[in-house]
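Work through the exercises below with the sequence and the 3D structure in view. Each task is followed by a worked solution.

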Amino acid sequence: MISRRIIYRNLRSHHKGALGLLMLAALLLCGVHAAAQDSKHLKQQEKATENSLNLTFQGNSDLLQRQDDIQAEMAYRRAISENDSNSIAKYNLGNLYYNNNSMGEAFMRYKEAGLSSKDKAEKHKAYHNLGNVFMKNKEFSKAVEAYKEA
């Protein structure tokens, strides 16, 4: 006859093995779920970047072909809201404000463009135009500093 102690010991070891497998399966499922979430997030970011660039081009078109400052401004603002790191839309919006003598707004957008740009040429243009804003406001020492940043 098998003692109760042996049966209990066998059941405990069986449950430990099953519990270990269950925990391993749960960890694997969590990892798969996290990877799927990362992939989904990456696709959303890529779509937002593409939408942002399309809106930037729309703003350029509104400005150049139809000479519609209001529609261009709206397109640039939407582009920035889709992708805050779109330095081209910020720079173009700065140009729009500069050409309409809104120096405070132009300053802000050029500064944002310079800070968010990863491209050296884009950063150069933003800081150069920031210097132009200072020159127009007769803040010559600040203009020199902005040109040096360029």
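Axes are lines fitted to C-alpha atoms, for helices over the stretch in contact, and angles run from 0 to 180 degrees between N-to-C directions. The model is predicted: local features need pLDDT of at least 70, side-chain atom pairs count only at pLDDT 80 or more, and totals for chains, interfaces and linings use all residues. Residues are numbered from 1 along each chain as its sequence is written, and side-chain values use heavy atoms, without hydrogens and water.

**Exercise 1.** State how many helices and strands the protein has.

Solution. Helices (H or I, at least four residues) and strands (E, at least two) are DSSP runs, numbered from the N terminus. The protein has 6 helices and 0 strands. Along the sequence this gives the pattern α-α-α-α-α-α.

**Exercise 2.** Describe how helix H4 and helix H5 cross.

Solution. Start with the axes: those of H4 (residues 103-116) and H5 (residues 120-136) come within 8 Å and cross at roughly 155 degrees. H4 is therefore roughly antiparallel to H5, a label for angles over 145 degrees.

Next, list the contact (heavy atoms within 4.5 Å). H4 contributes residues including Phe-107, Tyr-110 and Leu-115, and H5 residues including Tyr-127, Leu-130 and Phe-134.

Last, sort the contact residues: 11 are nonpolar, 2 polar and 3 charged. Here Ala, Val, Leu, Ile, Met, Phe, Trp, Tyr, Cys and Pro count as nonpolar, Asp, Glu, Lys and Arg as charged, and the others, Gly among them, as polar.

**Exercise 3.** What share of the 150 residues is buried?

Solution. Buried means under 20% relative accessible area (1.4 Å probe, protein chains only). Buried residues make up 26% of the 150 residues.

Methods:
Angles under 35 degrees count as roughly parallel, over 145 as roughly antiparallel, 65 to 115 as roughly perpendicular and the rest as oblique. Buried means under 20% relative accessible area, exposed over 50%, partly exposed in between (1.4 Å probe, protein chains only).
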